[in-house]
Amino acid sequence: FADGFLFSALTPQRVISRARTLMKSSFFGVPIMGSVFRKLGHMPVYFAKEDDNTSFSVDREKMAKVMEEMRSHLANGGVLAFCPEGGINRKDQST
């Protein structure tokens, strides 16, 4: 969770102003912080099973809109910052 704060502290402002991150959709439900994440333009990752920390499958229907938003952001000169949050995928879910 602290990755975003460290990124903000160590990255030049000209990059920060164009940067967005992808984060677990449940973070957007955190009081105050969820509103801040939305205002800053960060994008949610919708997992198929939000309460299951062992599944990395995403809800493809919900993610379609996020992916379009991400493509638009990048096409307009935006930057994506990835901050992995300690989960380990021990299964091959590529199929």
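Leaving aside residues up to four places away in sequence, threonine 21 touches His42, Met43 and Ala81, where contact means heavy atoms within 4.5 Å. The model is a predicted one, in which local features need pLDDT of at least 70 and side-chain atom pairs count only at pLDDT 80 or more, while totals for chains, interfaces and linings use all residues. Residues are numbered from 1 along each chain as its sequence is written, and side-chain values use heavy atoms, with hydrogens and water left out.

**The chain as a whole**

- The chain holds four helices and three strands; helices (H or I, at least four residues) and strands (E, at least two) are DSSP runs, numbered from the N terminus.
- Along the sequence, these elements follow the pattern α-α-β-α-β-α-β.
- The chain has 95 residues, and 23% of them count as buried; buried means under 20% relative accessible area, exposed means over 50%, and partly exposed lies in between, with a 1.4 Å probe and protein chains only.
- The accessible surface of the chain comes to about 7000 Å², and carbon and sulfur atoms account for 58% of that surface; the areas come from the Shrake-Rupley method with a 1.4 Å probe, and for residues only the protein chains shown count as cover.
- Taking contacts between residues at least 6 apart in sequence, 44% join residues at least 24 apart.

- Three strands form an open sheet in the order 2-1-3, and their pairing is parallel; two strands pair if DSSP finds at least two bridges between them.
- Strand 2 (43–45) and strand 3 (79–81) are the edge strands, each pairing on one side only.
- From one strand to the next, the twist averages 35 degrees.
- Strand 1 (residues 19–24) is joined to strand 3 by three bridges, and the two run parallel.
- Between strand 1 and strand 2 there are also three bridges, again in the parallel sense.
- In strand 3, valine 79 stands opposite alanine 19, and alanine 81 stands opposite threonine 21.
- In strand 2, methionine 43 stands opposite leucine 22.
- Strands of a sheet pair through backbone hydrogen bonds, either parallel or antiparallel.

**Helices against the sheet**

- A right-handed β-α-β unit is made by strand 1, helix 3 (residues 33–39) and strand 2; a crossover is right-handed if, with the strands pointing away from the viewer, the path from the first strand over the helix to the second runs clockwise.
- Helix 4 (residues 60–75) lies across strand 1, strand 2 and strand 3, and runs at about 140 degrees to strand 2; axes are lines fitted to C-alpha atoms, for helices over the stretch in contact, and angles run from 0 to 180 degrees between N-to-C directions.

**The nonpolar core**

- The largest nonpolar core has six residues: Met43, Val45, Met63, Val66, Met70 and Leu80; such a core is a set of buried Ala, Val, Leu, Ile, Met, Phe, Trp, Tyr and Cys residues joined through side-chain atoms within 4.5 Å.
- Strand 2 and helix 4 each supply at least two residues of this core.
- Helix 4 gives the largest share, three residues.
- In soluble globular proteins, nonpolar side chains tend to be buried together.

- Threonine 21 lies in strand 1 and counts as buried because its relative accessibility is 9%.
- Leucine 80, in strand 3, counts as buried because its relative accessible area is 18%.
- Not counting residues up to four places away in sequence, leucine 80 touches Arg20, Met43, Met70, His73 and Leu74.
- The C-alpha atom of leucine 80 is separated by 8.3 Å from that of arginine 18, although the two residues are 62 residues apart along the chain.
- Isoleucine 32 sits in the loop between strand 1 and helix 3 and counts as exposed because its relative accessible area is 66%.
- Isoleucine 32 is not a glycine, yet it has a positive phi of about 65 degrees.
- Most residues other than glycine have a negative phi, and most peptide bonds are trans.
- Alanine 2 is found in the segment before helix 1 (3–10) and counts as partly exposed because its relative accessible area is 43%.
- Alanine 2 and cysteine 83 are 81 residues apart along the chain, and their C-alpha atoms are separated by 9.0 Å.
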